[in-house]
Amino acid sequence: MALHGGSLKSTSINGVKIYTVSSQHRSLATWLAPKKQRALRKDKSYQQRVELIQDLWFETATTKIKATPDGEYLIASGIYPPQIKVYELRELSLKFERHLDSEIIDFKILDDDYSKLAFLCADRSVYLHAKYGKHYSLRIPRMGRDMAYDCWSCDLLCAASSPDLYRINLEQGRFLTSLNTQSPALNVVCQSQLHGLVACGGEDGAVECFDMRVRSSVGRINAVAPAGDIDQEVTALQFDDEGGFLMAVGSSAGNVLLYDLRSSHPVRVKDHMYGSPILDIKWHRTLNSDQQKLITTDNHIVRIWDPETGDGMTSIEPTAGKINDICVFSNSGLMLLALDCSQIPSYFVPDLGPAPKWCSVFENLTEEMEEGAQTTIYDNYKFLTKQDLEKLNLTNLIGTNLLRAYMHGFFIDYRLYKKAKALADPFAYETYFEKRKQEKLQAELAHRITIKRRLPKVNRTLAENILIKEEEEAENEKKDAEESEKKKASKKKKGLSSDLLEDDRFAALFRDENYEIDELSQEYKALHPMASEKRPSLVEEHFDPVKEDEDQSLSDTDASKASESSEDEPDNNNNNNIRKKSQAPKLYEIKDERHAEAFWNHISLAKEDALPIGERVAALGDDRRTGIPSNVKFGPGGSREISFISRNSAKYKEDEEDKDVRREKRRGVQSLGLKSQRSVFKGHGKGNRGRGRR
């Protein structure tokens with residue numbers, strides 16, 4: 001352990017201190033120039049670094065990390081490139097590293113040290129390594145997900161994306177008969193070191209146990225259903241190391257269920273409150289506690305809790321990246337996390353156990369190197385903002401002991417939060433269930449083989465309609481075939497089929513542009529009065545419907561009267577009135593003068609309104625329509641400007657003289673030598689036979 005005057009960050013969760021040792025800084029190369037080594041003296045972060053193990057990092061991410069049973073070596077796998085690193089803990093340094101062809105999904109330590117290793121890779125390969133390197137490699141039929149080793153029979157058990165549990169006997173060097181399960185695929189497999197029972201967790205949420213002496217199933221239960229996790233998967237399994245009667249099951253919904261093998265109901269259910277799958281479960285026994293502790297891990301947090309009471313002891317939540325794996329040293333309080341980043345941080349919990357023998361000095365230096373400030377975190381609480389409280393109708397709890405103000409929100413007990421959420425949204429489970437069904441249907445449809453046909457360039461709509469009708473006819477034929485036992489299928493004339501596209505006689509119809517159908521022509525409209533594509537009407541575009549309050553109130557009262565008079569009087573008259581009201585002509589109101597002018601000219605303004613405002617103003621400035629005087633100036637927004645000069649009185653006199661001349665030219669009664677008798681008729685009749693009054 002290398003100390004360079006640094007300090008340890010401590011966090012207090014539920015009164016339990018956690019010391020963090022972050023190996024964020026890479027080790028210094030031995031061949032580095034002395035000038036560069038002296039330049040690092042000014043680097044404050046480098047001078048305050050704390051290194052637990054030298055070169056404890058990977059280039060991109062760490063996938064798995066485990067300690068050998070003898071506690072002398074640490075083995076970690078990571079990317080990129082895919083490789084493994086073996087560290088000798090006595091020397092606190094890297095012993096060797098090896099590179100593989102594919103990414104490592106999981107690996108098992110087959111001996112007390114690193115002399116025998118088995119690697120399960122992403123290309124369905126299983127690599128067997130010895131001290132000298134690669135010994136042998138083989139492939140399994142399906143993609144592997146987890147491994148377990150039976151030390152009594154030397155069988156390597158591989159869980160894969162199939163219902164079979166593959167058995168590879170390392171003593172005989174061959175495959176043995178697989179163990180058949182009822183699950184569609186297996187996610188995890190584990191074996192008890194006390195009674196040898198093998199448990200498999202499947203995608204359907206079931207756990208099935210096998211007795212390796214008879215190689216048959218001895219029991220199967222739906223392990224995740226009691227927690228309300230329907231359609232969830234089993235992602236983690238682990239047996240108790242002391243009595244062997246307890247089994248912890250982790251689900252993909254973030255719940256941990258504790259089972260007694262003698263009962264089908266869980267003894268305890270623990271919620272991680274993150275909703276992410278449980279990655280790993282470990283039973284941990286230390287000298288500081290009488291009872292075992294459960295260490296459960298998901299992608300976000302590591303929780304340490306008591307399996308008997310369910311109370312949480314403490315939790316670890318790294319911020320550098322998602323958690324991929326955890327390594328806890330036996331009979332110790334030191335643990336390492338494999339994160340989705342280059343660093344591998346280590347955490348020491350004194351209340352969980354002492355430091356290991358290879359870093360016993362670390363336990364004495366924790367209090368000396370501890371920073372002054374501590375961070376206090378509330379466990380089993382949910383942080384909510386004021387907006388979240390309004391959605392849950394919990395604003396009346398502000399100021400009470402049930403809410404604890406913190407920064408811009410409040411802390412609330414997680415159990416109270418779950419109850420309030422269930423009351424506020426009672427149909428949340430139904431919506432979630434429907435969502436899961438749709439996701440499964442889409443996943444099944446994605447695996448189906450679909451034939452994609454290329455449409456021709458000419459008459460694409462015609463070809464598309466032919467293919468759609470053909471698919472509908474095929475579906476109808478399937479339905480008729482299913483109902484043929486009860487009813488005989490009616491013979492229907494088949495229309496145009498896809499064979500028309502491949503027929504040489506009609507090839508020019510979809511290749512030659514001269515045969516392209518003009519949907520805007522009068523002949524096409526006469527044969528197809530109902531267009532397939534609904535085009536917006538000019539009336540709907542330029543007019544707004546007028547709704548009169550009086551008519552609407554009258555229609556409502558008529559409808560209410562019709563419903564009330566259904567028992568006493570016949571409602572035929574009322575229904576007729578309502579029908580007349582519904583059949584009355586609709587009234588529309590023009591939007592503005594611009595829309596009125598466009599409607600008069602049978603022009604649509606949809607494309608013009610879709611243009612940006614700058615282009616619309618420029619178009620209005622350049623607009624010069626016919627029939628408008630030349631002295632009219634166009635302004636922005638459709639405005640007009642005109643200037644004129646007032647005329648003098650001489651021009652008005654000339655206009656009056658022109659009117660007198662026009663009156664004399666008209667043929668009247670005086671030109672015929674007759675007397676006018678205008679006073680006789682007071683009406684406006686036509687001639688003597690008029691209908692005027694005397």
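How many helices and strands does the secondary structure of the protein come to? It comes to 16 helices and 39 strands, where helices (H or I, at least four residues) and strands (E, at least two) are DSSP runs numbered from the N terminus. The model is a predicted one, in which local features need pLDDT of at least 70 and side-chain atom pairs count only at pLDDT 80 or more, while totals for chains, interfaces and linings use all residues. Residues are numbered from 1 along each chain as its sequence is written, and side-chain values use heavy atoms, with hydrogens and water left out.

**Exercise 1. Describe the aromatic pair of Phe-383 and Phe-411, and then that of Phe-543 and Phe-599.**

Step 1. The rule pairs rings of Phe, Tyr and Trp (its six-membered ring) if their centres lie within 6.5 Å, and it counts planes under 30 degrees apart as stacked, over 60 as edge-to-face and the rest as tilted. By this rule there are 6 aromatic pairs.

Step 2. Phe-383 and Phe-411 make an edge-to-face pair, with 5.6 Å from centre to centre and 70 degrees between the planes. This pair links distant parts of the chain, since Phe-383 belongs to strand E33 (residues 381-385) and Phe-411 to strand E35 (residues 409-413), 28 residues apart. Phe-383 is partly exposed at a relative accessible area of 28%, whereas Phe-411 counts as buried at 11%; buried means under 20% relative accessible area, exposed over 50%, and partly exposed in between (1.4 Å probe, protein chains only).

Step 3. Phe-543 and Phe-599 are also edge-to-face, at 5.0 Å centre to centre and with 85 degrees between the planes. Phe-543 lies in strand E36 (residues 543-546) and Phe-599 in helix H13 (residues 593-600), so this pair ties together parts 56 residues apart in sequence. Phe-543 counts as buried at 18% relative accessibility, and Phe-599 as partly exposed at 29%.

**Exercise 2. Work out where the buried residues of helix H5 fall, and what they pack against.**

Step 1. In helix H5 (residues 414-424) the buried residues are Tyr-414, Tyr-417 and Ala-420. Seen down the helix axis, these buried residues of H5 fall within an arc of 120 degrees (the arc being that of the directions from the axis to the C-beta atoms), so they line one face of the helix.

Step 2. The background is that an α-helix has 3.6 residues a turn, so residues three or four places apart point the same way.

Step 3. Arg-415, Lys-419 and Leu-423 are exposed on the other side of H5. The buried residues of H5 pack against strand E24 (266-271), E33 and E35.

**Exercise 3. Identify the residues with the most contacts inside the largest nonpolar core, and trace the surroundings of Trp-358.**

Step 1. A nonpolar core is a set of buried Ala, Val, Leu, Ile, Met, Phe, Trp, Tyr and Cys residues joined through side-chain atoms within 4.5 Å. The largest has 23 residues, and those with the most contacts inside it are Ile-53, Ile-65, Leu-74, Leu-336 and Trp-358.

Step 2. Strand E3 (16-21), strand E6 (73-79) and strand E30 (334-339) each supply at least two residues of this core, and E30 gives the most, with 3 residues.

Step 3. Contact means heavy atoms within 4.5 Å. Leaving aside neighbours within four places in sequence, Trp-358 is in contact with Leu-52, Ile-53, Gly-71, Leu-89, Leu-92, Phe-329 and Leu-334.

Step 4. A second, separate core of 18 residues includes Ile-18, Ile-295, Val-302 and Val-349.
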